[in-house]
Protein chains: 2
Amino acid sequence: MSIGTVSRAFNGNGPIREATRQRVLTTAEALRYVPNSAARTLITRRTMTIGVLLPDLYGEFFSEVIRGIDTAARRLQYHLLVSSSHNDTEEIRAALRAMRGRVDGLIVMSPNIEARTLEANFPPHLPIVLLNCRVEGGAYDSINVDNFGGAHSMTRHLLDAGHRRIAFVRGPRENYDAEERLRGYRAALIEYGLECCPEWEVTGDFTEAGGERAASELLNRHTRPSAVFASNDSTAIGVLSALRAAGSRVPEDVAVAGFDDIPVARYLTPPLTSVGVSITGLGGFATDKLLRAIAERNEHAKQNEILPVRLTVRDSTAARADEPQGSLRSRLSHPAA
Amino acid sequence: MSIGTVSRAFNGNGPIREATRQRVLTTAEALRYVPNSAARTLITRRTMTIGVLLPDLYGEFFSEVIRGIDTAARRLQYHLLVSSSHNDTEEIRAALRAMRGRVDGLIVMSPNIEARTLEANFPPHLPIVLLNCRVEGGAYDSINVDNFGGAHSMTRHLLDAGHRRIAFVRGPRENYDAEERLRGYRAALIEYGLECCPEWEVTGDFTEAGGERAASELLNRHTRPSAVFASNDSTAIGVLSALRAAGSRVPEDVAVAGFDDIPVARYLTPPLTSVGVSITGLGGFATDKLLRAIAERNEHAKQNEILPVRLTVRDSTAARADEPQGSLRSRLSHPAA
DNA sequence: TTGTAGGCGTTATCAG
DNA sequence: CTGATAACGCCTACAA
């Protein structure tokens, strides 16, 4: 039994008789032989691994994305090299370089990355899919959630419920998603003939703690908002927490809305109105796209896709602003009140 | 400039003059040269990568663990190969085999894995750290949260608050953590001279949906519990959601407690009493242990560590069972009630 | 201090 | 259809 035959048995590439192939496979099993992936990578120049670059943020959103990526990647026998928790350019640079030669492609999810950071630190012939990143030039495939449209719909939803004092809790500066959501909020206000007051746009950072701080600040205003639109669900969770601590009822006193529609949203008290896409689906979609690019040796036309979002109305906005004592629905949810 | 010199410049291993080393490094930078990791792995037999095997469960717990692992691994220039979402033995087997030769060690977090599955599918000389797994034999290092002690303390906390009808929402069968927590709950009841009624131990699966179902079931009982101890925080979130939907007030009508103390626990409505360890710390601890084992070529004495947990009392249990209208503290949190 | 050569375990290309 | 052999890019003795 020669070494070349074994290779053919595993690869199914060259010509080999089925009987010998089986024999190789069974004896390999018995000897616990597994082809050395480093040697294989060395000569084929394929690592069968995709890299995932995550930002400093955390929460349910990113773990869901990873689940989606992992599931899609495994179907095609790909592995996942994960590198998380960087936001400043220097850390991203280091992570990119470290991944060089270890991956066949990259999914980048750092919303404030610059295209030239990628170009300068990652082999140019390898495909990259940008997920929720600012898109500059057309050098890379990219997938974005419809941040503008989602924030726009959500704001309209609040306006249609009679709200006129709608506060917006911002995300991190420089975060592309966050800025787009802010734009959508403003656009809806303007469409309804309202002014965008800077004092209704309060600071946040996509974390629960940031949401809590933002809500506390809003509660100290002499005119309080009748609705708070948090730029992501983690922030909304913090807002709900601060409102509860201050004795404000949601949605009777203040409506609260989020963005992303993370799985836990529907289990919050009250269930959180939110807007978003299937998060695992998002990860899977990006992965499929990347794997296709790898298969096509990155010679395809790059494209930027914007995924439509779905608005899910739950109890946290289930009261009309002009009925402060609460709608029937919210009363049913709080019969003890 | 010879190839050997370049190697020495990067490794800092053999003798090399500092001036030439600098010269190599700067020209490498200019040429964007990066040593090929596959070739390096092939000869050094080190991948500089650690594998992480996660179960089918999701939620904030696992993403926090990964953050902790990643941070600790990066400090020593290690990469992370993540494989998630498997629970049945066949999938674990496949994942283990796929990681062979791609990692220098493994962190396993599949609570119902069997030691012989590991032995049979992973190179025996490579170190493995079991995180929250059932420990059989002493073949591997292992780290466990003090599930028994934590559940015991929590149950005592509820008993001390006057509760006598304490329901327990179980985790998945075969899940070691879950079973240990159940044991701790039962032990505390017995210490207080109470019987463990099987009807107070309801089915759950460590998910929000499972918690919701469990709470619904409990609400249909003709004697309702005065406290619900959920075997993890995700379950507790589902319990809170079902109770709210049914109009039960927490903690006035029912106290609710969880396990793990995930970051979101303190932002829930009401803030959730829970018990656990620092989750990122847990991941970092496991990683440090694994990296030490790698450095010592796995020749150290294996040990099993049980990490002490901390009980954090929050509003969800802040009422005495014999004061159904609520304590001062909970009244302050709900001035509108 | 630097250059040279053998080998790590594959795949791929030829002969047989 | 199977066996031999030259890369793949690096590390590490050893020679210069």
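**First stop: the DNA surface**

Select DNA strand C together with the 26 residues around it; Ser7(A), Asn36(A), Ala39(A), Ser2(B) and Gly4(B) come nearest. A residue is near a molecule or strand if its C-beta atom, placed from the backbone, lies within 6 Å of it. The elements giving two or more residues to this surface are helix H1 (3–11) and helix H3 (37–44) of chain A, together with helix H1 (3–11) and helix H3 (37–44) of chain B. Helices (H or I, at least four residues) and strands (E, at least two) are DSSP runs, numbered from the N terminus. Coloured by class, the surface near DNA strand C shows 12 nonpolar, 12 polar and 2 charged residues. Here Ala, Val, Leu, Ile, Met, Phe, Trp, Tyr, Cys and Pro count as nonpolar, Asp, Glu, Lys and Arg as charged, and the others, Gly among them, as polar.

This is a predicted model: local features need pLDDT of at least 70, side-chain atom pairs count only at pLDDT 80 or more, and totals for chains, interfaces and linings use all residues. Residues are numbered from 1 along each chain as its sequence is written, while chains are lettered from A and ligands numbered from 1 in the order in which they are written.

**Second stop: chain A and its domains**

Now select chain A, which has 12 helices and 12 strands. Its C-alpha trace spans about 85 × 45 × 30 Å along the principal axes. Colour domain 1 (3–35), domain 2 (47–145 + 279–309) and domain 3 (147–276 + 312–330) separately; these bounds come from an automatic or database domain assignment. The centres of domain 1 and domain 3 of chain A, taken over C-alpha atoms, are separated by 60 Å.

Move to chain B and select the open sheet of 4 strands, ordered E7-E6-E8-E9 with parallel pairing. Strand E7 (201–202) and strand E9 (255–257) are its edge strands, each pairing on one side only. Two strands pair if DSSP finds at least two bridges between them. Strand E6 (residues 166–169) and strand E8 (residues 227–230) of chain B run parallel and are joined by 4 bridges; Ala167(B) has Val228(B) as its bridge partner in E8(B).

**Last stop: Phe206(B)**

Finally, select Phe206(B), in the loop between E7 and helix H9 (208–219) of chain B. Is Phe206(B) buried or exposed? Phe206(B) is buried because 29 other C-beta atoms lie within 10 Å (buried: 20 or more other C-beta atoms within 10 Å of its own, placed from the backbone; exposed: 12 or fewer; partly exposed: in between). Phe206(B) and Arg170(B) are 36 residues apart in sequence and 7.8 Å apart in space, C-alpha to C-alpha.
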